[in-house]
Amino acid sequence: MTDIEIEITADLVHDLLQEQHPDLAGLAIREVAGGWDNQQWRLGDELAVRMPRTERAPDLQRKECRWLPVLAPRLPLPVPNPVRIGAPSARFPKPWSIMTWVPGEPLDHTSISRGDHSADTLAGFLRALHVQAPAEAPISSDRGTHPKKCTEGFDHFFHAAVPDALADDVRAVWDDAVAAPEWEGPPVWVHGDLHPANVVVSDGTLSGVIDFGDMFAGDPAWDLAAAWVVLPTGAASRFFDVYAHADEATIRRARGLAALKSLFLMLMGQNGDRGLPGGKPTWGPAGRAALDRVLRGGLM
């Protein structure tokens with residue numbers, strides 16, 4: 001998982017700030033647990049330093065810094081916004097960034113108690129996000145396409161993580177998504193990685209969305225899978241009623257993608273329980289709960 005061999009410590013972050021952004025160097029620095037491509041440090045109360053630790057992380061940060069200032073003003077929930085850019089240097093060889101901090105607790109460490117409110121909030125957020133993207137918007141090499149082009153990835157997660165008792169039901173959901181018609185609309189802005197670690201909760205409801213590194217222009221079904229992956233049991237139907245722009249084929253694709261994402265979360269949870277690199281112990285229970293919601297039957 002980690003491609004940069006330099007140990008990223010609070011002292012290193014402080015030194016980089018002192019060298020490049022000395023006006024911020026006096027703020028308190030606290031490491032934030034979690035993260036995949038980036039290691040994050042809280043900077044004071046309102047900022048966060050994001051230090052890349054995988055090979056692809058700098059490109060993801062550049063994408064966020066280019067497009068989040070365009071998207072953020074029309075989104076109804078707080079999202080990270082770039083404040084400063086850190087340049088590669090002798091101390092640290094890759095670019096890094098300073099973003100606004102989105103307050104709240106990641107959903108993989110807490111729960112949603114206000115399901116209806118969260119369904120309304122997520123639907124409103126995605127309606128605002130899912131507008132036609134410009135021609136120069138990024139596209140994804142592994143996301144945003146029809147589920148039928150993701151069968152290899154699904155099969156990998158399926159064989160690695162699906163409980164035997166659920167295998168036939170999970171396969172049926174996926175096969176239905178593969179058989180669904182393709183997205184016929186224009187490519188729209190898609191977050192691309194909505195799961196419990198990338199949304200935050202306050203007062204029992206969704207209060208922010210983070211980690212836009214995988215954003216792309218494509219099929220909105222990739223985000224609509226969050227109706228099952230993020231929202232609690234019973235909220236999916238209300239979510240789609242409020243979202244109001246998803247036809248039957250899109251919901252079928254979204255449900256299949258929710259199954260895929262659930263299995264991925266379960267596999268990362270297994271890896272975390274085994275102490276393997278990149279494993280996330282908190283993702284396992286979140287993934288299994290999401291898979292149960294997918295299998296409960298459509299939007300119920």
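Residues are numbered from 1 along each chain as its sequence is written, and side-chain values use heavy atoms, without hydrogens and water. In this predicted model, local features need pLDDT of at least 70 and side-chain atom pairs count only at pLDDT 80 or more, while totals for chains, interfaces and linings use all residues.

**Stop 1: the largest pocket.** Select Asp193, His195, Asn198, Asp211 and Trp283, which among its 50 lining residues lie nearest the centre of the largest pocket. A pocket is an open set of points on a 1 Å grid over the protein atoms alone where a 1.4 Å probe fits, with protein on both sides within 12 Å along at least five of seven lines; lining residues have an atom within 4 Å of a point. The space in the largest pocket is about 1,300 Å³, a volume being that filled by probe spheres set on the points.

**Stop 2: Asp211.** Strands (E, at least two residues) and helices (H or I, at least four) are DSSP runs numbered from the N terminus. Asp211 is not a glycine, yet its phi is positive, about 55°. Most residues other than glycine have a negative phi.

**Stop 3: Ala244.** Move to the loop between α8 (236-243) and α9 (248-273), where Ala244 is found. Its phi is also positive, at about 70°.

**Stop 4: the second largest pocket.** Finally, select helix α10 (residues 283-295), which gives the most to the lining of this pocket, with four residues. The pocket's volume is about 180 Å³.
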